[in-house]
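User: Hi! I'm new to this one, could you walk me through it?
Analyst: Happy to, let's look at it together.

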Amino acid sequence: MICNSNNPDAKIKGDVIAVFAESLAVDEIARIVLEDVKLGVIDPEKWYPMDVYLRMINKTYELIKEDGVRKIAETVGHRAPLPPDVDIVQLFSILNEKYHEHHCDDNSTIDVDITSPNLITIESDTPYPCEFDKTVYLEMAKRFQKSAAIYEIGNECRKTGGKKCIYKITW
Ligand SMILES: [Zn+2]
């Protein structure tokens, strides 16, 4: 699976890359991925080109395939720092704001609609691969609601060259 940022100027904060690198768990995989993009020690406070992070994700897909990357995305969603004292609805309500705190990316929006008390609709046009994004959202939701499930709707998908994906999270 190849993902290309449609915004080569986008940047990402090192803390997100650090969580991903830690989630690679197997030292050998982490070493290969970090070497591939020529990153040594990651500074959590520094901004890196978004493209570097997308290349890390692509390299990981190459090395450990989709099932392996799903496990990593699960760990990323599980470890992603969340604001204290929020519930699932509050978290997803500020998701776009949180995305922009960690990504310097004027071209992307995570549009969240609290559709009903147990249903959230997310429209995302971030440069992330669909499957990666979807898994991270689901794992974040599960931290609040163990029964949470996610599914994709609509005809457009970033996996098949679309600009955005629309997901529904229920619990
Ligand atoms: Zn999609």
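**A first look around**

Analyst: Lys 65 is exposed, as 11 other C-beta atoms lie within 10 Å (exposed means 12 or fewer other C-beta atoms within 10 Å of a residue's own, buried 20 or more, partly exposed in between, with C-beta atoms placed from the backbone). This is a predicted model, where local features need pLDDT of at least 70, side-chain atom pairs count only at pLDDT 80 or more, and totals for chains, interfaces and linings use all residues. Residues are numbered from 1 along each chain as its sequence is written.

User: Where does Lys 65 lie?
Analyst: In helix H3. Helices (H or I, at least four residues) and strands (E, at least two) are DSSP runs numbered from the N terminus. Lys 65 also has a positive phi of about 60°, although it is not a glycine. Most residues other than glycine have a negative phi.

User: OK, new topic. At roughly what angle do H1 and H3 cross?
Analyst: Roughly 95°, with the axes of H1 (residues 14-23) and H3 coming within 8 Å. Axes are lines fitted to C-alpha atoms, for helices over the stretch in contact, and angles run from 0 to 180 degrees between N-to-C directions. H1 is therefore roughly perpendicular to H3 (65 to 115 degrees; under 35 is roughly parallel, over 145 roughly antiparallel, and the rest oblique).

User: Which residues of H1 make the contact?
Analyst: Ile 17, Val 19, Phe 20 and Ser 23 of H1, and their partners in H3 include Tyr 53 and Met 56. Contact means C-beta atoms, placed from the backbone, within 7 Å.

User: And what about H2 and H3, how do their axes cross?
Analyst: The axes of H2 (residues 27-36) and H3 (residues 50-79) cross at roughly 135° and come within 9 Å, so H2 and H3 are oblique to each other. Among the H2 residues meeting H3 are Ile 29 and Asp 36.

User: Jumping to H6, how far apart are its end C-alpha atoms?
Analyst: They are 18 Å apart, which agrees with the 18 Å that the 13 residues of H6 (residues 130-142) should span at 1.5 Å a residue (the expected span is 1.5 Å times one less than the number of residues).

User: What do the buried residues of H6 pack against?
Analyst: H3, helix H4 (88-93) and strands S5 (119-124), S6 (149-153) and S7 (165-170). Phe 132 and Tyr 137 are among those buried residues.

User: Last one: is Thr 160 buried or exposed?
Analyst: Exposed, because Thr 160 has 8 C-beta neighbours inside 10 Å. Thr 160 is in the loop between S6 and S7.

Methods:
Contact = placed C-beta atoms within 7 Å.
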